[in-house]
Amino acid sequence: MTRLIVVATALVLVALPFMADNYVLRLATTMLMYSALALGWNFIGGFAGYPSFATAAFFGLGAYAGGVLQTRGVPMPAAWLLAGAIVALFAAALGRAILHLRGHYFAIATLVAAEVLREVTNSATDLTGGGMGLNLPVLSADVTTQARLFYFAMLVVAAAALATTALVAESRLGFGLRCIQQNEDAAIMLGINTRRYKVVAFTLSAVFPGVCGGIYASWVNYIDPTDVYDVLLSVKPIVMVLLGGAGTVLGGVYGAFLFLLMEELVWRNLLQFHAGLLGIIVVCLVLFLPHGLRGIGLPSLLSRWRQRTREATP
Amino acid sequence: MILRLADVSRRFGGLVAVNRVSFELKAGEVVGLIGPNGAGKTTLVNLVTGVHRPQAGEIRYGGERIDRLPPDQIARRGIARTFQVVQPFPHMTVLENVTGGALFAGGIKTIRQAKDEAMEHLKFTGLADFAARPASALTLANRKRLELAKSLATNPRLLLLDEVNAGLNAAEIDAALDLIRAIADRGITILLIEHVMKVVLTATTRLLVLHQGELIADGSPDNVTRDPRVIEAYLGPKYAARYAPAAP
Amino acid sequence: MTLLSVENVAAGYDDVQVLWGVDLDVAHGEIVALIGSNGAGKSTLLRTISGLVRPTGGGIAFADADITTLTPDRIVAAGVVHVPEGRRLFAGMNVRDNLLMGAYHRRDGAAAIRRDLDFVFNMFPRLHERRLQDASTLSGGEQQMCAIARGLMAAPRLLMIDELSLGLAPRVVEELTAALLKINATGLSILMVEQDVLTALELSHRAFVMVSGRIKLSGSSKSLADNPFIREAYLGVPSAAGVMP
């Protein structure tokens, strides 16, 4: 049954660009991007339990890395991959420096990272165009082809993030991260090299947003620091993962989908209260649904439905 | 000789927690570490397990110097400890808790094998029936057994038990003692830190007494409990002077 | 006449039970000592009486009123004042302010508080000398004086002191015990937890010996001092007189 759902979903995802109009395609591309961001955050925030606000830093750095490389003539796909590599290196270094901090202190340190990167980007005008932004070379292809291209690019990243999450969840690394999240001192005493594991989780939480940032830059053709280092790029993925269930494999995907759907259908009309509504949602989540959708038993509802349909077939 | 401390000292700010402590543990011994509150017993355990570094002296484990190693590496070399306040992974199952020990310090490579190994340790500690329950659902006595099972899963040669009996009633203490005896029978060296004198006297053949960071006695329980310095440490200098004067 | 009555009290932290059915009493005008080895539960008992820890069984009565489930501030208002282990003075405040904080809950007027402040400074002249000094800069003995004085400022009927002599030089301990005797002579009852057995027994009228959360021995302090079972209570080995009943 599960296999059927998976195959069906995959077919829909692949066929979508050829069936939907550009507006829906753009929405779907955004959903895939946020799925990747959420899945990325899940490594450090969900599995390891470290509240990172660095997603915006990684995304922005990836956008600028990819963007600058492209303006220097590097072809798009290479620029994206290099952006991911640069962000990964940055995350490993940053992680070494701040992962000994815990809880709120760690969160603040990661928040600061995005701010610092934004300021550095602003000042390095020769390289990045500073506050005036960066223009990327436009593709010589029609709008529809471009839309499909970027859709598939984000789909690949999201799929890669999902596959990595599934692999880590079943691995020794995933087990170790869960132990760290439950009780870090006990984890150390059981022989887990917590420093190394945390750096790995942090790096994984960076590489996917980094590549997304690179793709995003090519997609919108113009980026500026305020845009790509926006703190909402850190906050929204967290809310999505909390909504869908932290530390699970599909939680980030469910959450991203639900969140963006609600955003599209409901809040676009309430432009002034947008940020306020987000705040209210976070408070409600924390107070009433600490385990996200898992708390109201969505996965168990699904599995029970699966059970019933399985028993129904002779 | 499995553990040797030589002139180990550690201070925190102005307070000397451990002051030039030296002793040796032979493989297979069951030794008690006692002393009034604040004597430095837990600090000593933290020094051996790498949570703190000694500021003087050295600690050798099976001949290798370990006082500069991080705690996870010391755990992998075969030193395990339990915590005074139990430290489980609360939302993981009992089986997963013990699997953690086997999978990392215990040296087992795959999760599946580690789970099998963990099940054996659960059977040994009498927790097999609770394997699928979350650790937070256990009673205190069982959580202490879980702590023990986790430590055993790391395949230790030296086990440091920090007040395993705090909060247990008499029957639970007896059961804990049986378990400790069974562990010792496997050849594991045990250092038992305890306040409950009755436990330490029945379970150990040798006592180390710490007072204000110094080792003031090292010997058989009989000798140690009659040692005037020990009496002075526990009951006060005036009492010792009147009722247990040191031999002239 | 009984002032404080602790009956069959059980208590602990989370699910670690520390006290297993403790019985203890203090009569009007008495000094009672609570002694025993570490981890026995002596501090926990004081904290249960003063309301910091909720008992899970048994009852506590003070001046014939049931205080078992009262909140700590009500227990202070009733006249039970707890001088905690480690002194816990307010660092950053001077001695005088620390003392005045002791009178925080009092409603009997500035004049009465002023009177008590003078009494306390008379009893501990060194505190008067240092009254404008930051409390954390005092020596160990002076800090203990300040903590006791602060407790006195709360107008207690029963003063509970946790670990009087810990970390203090013998001479300082003698000063403090002399002060406590004087205070007791004015009618104040005292319950003290004390590490040093003879100091405790020389200062008190009666004493209770606690082992592993239970009272194993009690009686007049004079008779307990010579009781060989005391050593067993602390060191677990039976004395020449045989095993403790």
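In what order do the 4 strands of the open sheet in chain B lie? The views below, taken from a predicted model, begin with that sheet.

**View 1. The open sheet of chain B.** The strand order is β2-β1-β4-β5, and the pairing is antiparallel. The edges are formed by β2 (15–25) and β5 (64–65) of chain B, each of which pairs on one side only. Helix α1 (residues 41–48) of chain B packs on this sheet, where α1 touches β1, β2 and β4 of chain B. The direction of α1 makes an angle of about 65° with that of β2(B).

**View 2. Pairing of β1 with β4 in chain B.** Strand β1 (residues 3–12) and strand β4 (residues 56–61) of chain B run antiparallel and are joined by 5 bridges. Within this pairing, Arg4(B) has Arg60(B) of β4(B) as its bridge partner.

**View 3. The contact between chains B and C.** Chain B contributes 18 residues to the contact and chain C contributes 19 residues. On the chain B side, α7 (197–203), α9 (228–235) and α10 (237–243) each supply at least two residues. By class, the chain B side comprises 10 nonpolar, 5 polar and 3 charged residues.

**View 4. Helices α3 and α6 of chain C.** The axes of α3 (residues 95–102) and α6 (residues 140–152) of chain C come within 7 Å and cross at roughly 35°; the crossing is right-handed. From α3(C), Val95(C), Asn98(C), Leu99(C), Met101(C) and Gly102(C) meet Cys146(C), Ala149(C), Arg150(C) and Gly151(C) of α6(C). This helix contact has 5 nonpolar, 3 polar and 1 charged residues.

Definitions and conventions
Residues numbered from 1 in each chain as written. Chains lettered and ligands numbered in written order. Predicted model: local features only at pLDDT ≥ 70, side-chain atom pairs only at ≥ 80, totals over all residues. Pairing = 2+ DSSP bridges. Contact = placed C-beta atoms within 7 Å. Axes fitted to C-alpha atoms, helices over the stretch in contact; angles between N-to-C directions. Nonpolar A, V, L, I, M, F, W, Y, C, P; charged D, E, K, R; others polar. Left-handed = near helix turned anticlockwise from the far one by under 90°.
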